Amino acid sequence: MKPFPEIGVLKGNYAPVLAEMDAPDLVVTGDMPEALSGTLYRNGPNPMFPPLGEKHHWFLGEGMVHGIHVEGGRASYRNRWVHTEQYEAQRKAGRRLVGTGFGEPRAPGGEELRNNVANTNIVWHGGKLLALDEGSSPVAMDPVTLETAGSWTFEGKYKGAMTAHPKIDPETGEMLFFAYMADGPGSKTIAYNVVGADGRVTRSEKFEAPYCTMMHDFITTDEHVIFPLFPATIDVDRIMQGGPVIAWDPDTPSMIGIMRRDGAVEDMRWFEGDPCYVYHPMNAYTVREGGHTKVIADVMKYSRVPLFPDANGARPPSDLSSEQGLLVRWTFDLDGNTNSYSEEVLSDLRGEFPRLDERFAGLGYRHGYYASMARPEAEAASYDVLVHIDLETGKKTEWDAGAGNTVLEPVFVPRAPGSAEGDGYLVTAIYRRETNLSDFAVFDASDVGAGPLALAHLPVRIPHGFHGNWRPA
């Protein structure tokens, strides 16, 4: 078998981990909080075989899920690939069948395989642990063993793709999600679904968006759903002429659709803004001011879509270090007489992977968390600073992992179910280049700058993947 190529997103901690393992009793240093009881699940691209050709995109490696379980001051670790149809066929063949470059032809034997890498996020809802990417059905996994149960279609009620970023209403327990290109490749159709706390679909419908784009995430409040379209377009004519599948098209405006959760898709209102891109919002909420209903959305904004080429085929920035997201607040006046919206910069410290205390998802909130990059010049650079921002005072607290170390997305865990907002822990993983291993790290969310309260030392790396979530014991 040929080796993995020497490219940025396959070097250092971007490189795949090629072994599955169980570590039932990790060495813990520091004071692991007795109150912390549950599992952090992490998901990310972990290509099982080298690329077919010279093309490789970070987003297209097969998914691997990592689970760190904490209970009684002790910690354990397990990792497993997500056994999708694509994974199983390639494992049986002993070689790559589905390429890891956008638009890349399949290898012989892989022509009929459905794409499903299940590599972007992992969520617990309705009694199921679901591994997600944004182009496929979710894949159910056992929450303890991480063994794959198979694709989940909500008892046959919805068989389409599902975003990797569903939103769970903290008050009703409902899960809201969407899928773009719902009527096939290049279609402008978006599917919108609501699933009750019991895992049953309660609403399923479609609507046509102004254009087709890579719509990675969306935002919800307790009253509204926000569908953001940014000019990372998917244009069938361009693709047929040999152009890029997904490309930055600055001649296309950003379009933000807002719908009442109890309203109809036909009544959605579209707002228009300057070209930009947002992979991830932090949160949104609905307010009433001066007789007007307004939606406030806090997002990590880029001046262009990272990691993809221009529509004219020019090559994109080679890695994430070229630009980090800027945390901004957009305000949409639903009773105003304009289709524009205002923008306010919330933090001059750029970053990605914005998170919050999920008990306040869709509601007014004060505390946000994200990762920042202090050393973009480092080889295979990634995020190396954790940030807590108090959105009421604007104060930021930072913790720098130090040269040679990087951090993954921070996840908030409440100290207790009834704790005040922000009273709890931040959990993440820290990669140590010197040892080529990772630590599971626990911080006091109200004092991030003090550094980790405890570290559980893993016998393996957790690669720079995408997202994770905490499931209480």
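Phe353 is found in strand E24 (residues 352-356), where strands (E, at least two residues) and helices (H or I, at least four) are DSSP runs numbered from the N terminus. The phi angle of Phe353 is near 55 degrees, a positive value in a residue other than glycine. At 10% relative accessibility, Phe353 counts as buried; buried means under 20% relative accessible area, exposed over 50%, and partly exposed in between, with a 1.4 Å probe and protein chains only. Glu155, which is not a glycine, also has a positive phi, of about 55 degrees. Glu155 belongs to the loop between strand E9 (148-151) and strand E10 (167-168).

The model is predicted: local features need pLDDT of at least 70 and side-chain atom pairs count only at pLDDT 80 or more, whereas totals for chains, interfaces and linings use all residues. Residues are numbered from 1 along each chain as its sequence is written, and side-chain values use heavy atoms, with hydrogens and water left out.

**Overall fold**

The secondary structure of the chain comprises two helices and 33 strands. The radius of gyration is 21 Å, close to the 23 Å that the globule rule gives for 473 residues, so the chain is as compact as a globular protein of that length. This radius is taken over C-alpha atoms, and the globule rule is 2.2 Å times the number of residues to the power 0.38. Along its principal axes, the C-alpha trace spans about 60 × 55 × 45 Å.

Of the 473 residues, 58% are buried. Among contacts with a separation of 6 or more, 60% join residues 24 or more positions apart; a contact means heavy atoms within 4.5 Å. The chain exposes about 18,800 Å², and carbon and sulfur atoms supply 49% of this area, as computed by the Shrake-Rupley method with a 1.4 Å probe. The mean positions of the 43 positive and 65 negative charges are 4 Å apart. Lys and Arg count as positive and Asp and Glu as negative, without His and the chain ends; each charge is placed at NZ of Lys, CZ of Arg, CG of Asp or CD of Glu.

**Aromatic pairs**

The chain holds 27 aromatic pairs. Rings of Phe, Tyr and Trp (its six-membered ring) pair if their centres lie within 6.5 Å; planes under 30 degrees apart count as stacked, over 60 as edge-to-face and the rest as tilted. Two of these pairs are tabulated.

| Pair | Centre to centre | Angle between planes | Class |
|---|---|---|---|
| Phe218 and Phe227 | 6.0 Å | 35 degrees | tilted |
| Tyr279 and Tyr302 | 6.1 Å | 85 degrees | edge-to-face |

Tyr279 lies in strand E20 (residues 277-289) and Tyr302 in strand E21 (residues 292-302), so their pair ties together parts that are 23 residues apart in sequence. Both Tyr279 and Tyr302 are buried, and both Phe218 and Phe227 are buried.

Arg238 has its place in helix H2 (residues 236-240) and is buried, with a relative accessible area of 12%. Beyond neighbours within four places in sequence, its contacts are Thr233, Gly243, Pro244, Val245, Ile246, Ala247 and Ala311. Arg238 and Asn312 are 74 residues apart in sequence and 9.2 Å apart in space, C-alpha to C-alpha.

Ile258, in strand E18 (residues 254-260), is buried with a relative accessible area of 4%. Not counting residues up to four places away in sequence, Ile258 touches several residues, including His224, Val225, Ile226, Phe271 and Leu334. Ile258 and Glu379 are 121 residues apart in sequence and 41 Å apart in space, C-alpha to C-alpha.
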